[in-house]
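Please look over the sequence and the structure below before reading on. The text then goes through the structure one part after another.

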Amino acid sequence: LAPFIAHAASLTALSDTMSRLKASTASNHTIKYTTPTGVAAGQTMTVLMPTGFTIGSVDYTDIDVSWGASTGAENELTLDSTPSGSTWGAVFSSQTLTITSGSGAITAASKVIVEIGTNATAGTTGDQQITNHATPATYTVTITAGSGADSGKLALVVLSNDQVQL
């Protein structure tokens, strides 16, 4: 018998819209992507923020996750610190946000939106943000869905100044 080789599918349409691009400045993140495989019950999605971005005390109350076939905003997930039934767990450990399904699922070919910061307004309003790296540069965020079945990377640009001076 030949060995079974599993291949991860690529996430598509990846983006992260940040509210501020300035170094050492707190920023909201709106991360969007399409998952070709989806996320089954008990599986995870992860967002690995680059080293040097300060997560601070961001927790599930500062995070919103939605998904759907058209815009990605059709279905809002209920989040807590741990998954239970239809409630999904959302927790940062070091630089990695892990979003874990209890019994819920996200169907294949769905668009997913992850909001982190004061832009998270489902259930409770977020009050914490991620602080940008202190050094202006381009950084890489790694995202997985379906416990790694789908994966992708996107670039974040941090600037020395993000304000227009007149």
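What follows is a walk through the strands, some side-chain pairs and a few single residues of a predicted model.

The sheet comes first. Five strands form an open sheet with antiparallel pairing, and their order is S2-S4-S11-S6-S7. Strand S2 (12–18) and strand S7 (75–76) are the edge strands, each pairing on one side only. The partner of S2 is strand S4, residues 29–35; the two run antiparallel and are joined by five bridges. Within this pairing, Thr12 stands opposite Thr34 in S4.

Strand S2 also holds Ala13. Most residues other than glycine have a negative phi. Ala13 has a relative accessible area of 59%, which is over the 50% cut-off, so the residue is exposed. A second case is Ser94, also not a glycine, with a positive phi of about 60°. Ser94 sits in a loop, the one that runs between strand S9 (88–93) and strand S10 (96–100). With a relative accessibility of 61%, Ser94 counts as exposed.

Next come the aromatic rings. How many aromatic pairs does a search of the whole structure find? The search finds one. The pair is made by Phe53 and Tyr139, arranged edge-to-face, with 5.5 Å from centre to centre and 85° between the planes. Phe53 belongs to the loop between strand S5 (44–48) and strand S6 (63–68), while Tyr139 belongs to strand S13 (residues 137–145), so the pair ties together parts that are 86 residues apart in sequence. Are the two residues buried or exposed? Phe53 has a relative accessibility of 1% and counts as buried. Tyr139, at 13%, counts as buried too, because the cut-off is under 20%.

The loop between S5 and S6 contains Pro50 as well. Pro50 counts as buried, at 8% relative accessibility. Leaving aside residues up to four places away in sequence, Pro50 touches Gln95, Tyr139, Thr140 and Val141. One of these contacts is thus Tyr139, the residue whose ring pairs with Phe53. Pro50 can also be placed relative to Ser93: the two are 43 residues apart along the chain, and their C-alpha atoms are separated by 13 Å.

Strand S13 brings in a further residue, Thr144. Its relative accessible area is 17%, and Thr144 is therefore buried under the 20% limit. The side chains of Thr144 and Thr46 are joined by a polar contact of 2.5 Å. With residues up to four places away in sequence not counted, Thr144 touches Leu11, Met45, Thr46, Asp150 and Ser151.

The last pair is a charged one. The count of salt bridges comes to one. Arg20 forms it with Asp162, and the closest N and O atoms are 2.8 Å apart.

Note on methods. Residues numbered from 1 in each chain as written. Predicted model: local features only at pLDDT ≥ 70, side-chain atom pairs only at ≥ 80, totals over all residues. Heavy atoms only, no water. Pairing = 2+ DSSP bridges. Helix = DSSP H or I, 4+ residues; strand = E, 2+ residues; numbered from the N terminus. Phe/Tyr/Trp six-rings, centres within 6.5 Å; stacked < 30°, edge-to-face > 60°. Buried < 20%, exposed > 50% of the residue type's maximum accessible area, 1.4 Å probe, protein only. Salt bridge = Lys/Arg side-chain N within 4 Å of Asp/Glu carboxyl O. Polar contact = N/O pair within 3.5 Å; in protein donor to acceptor, adjacent residues only side chain to side chain. Contact = heavy atoms within 4.5 Å.
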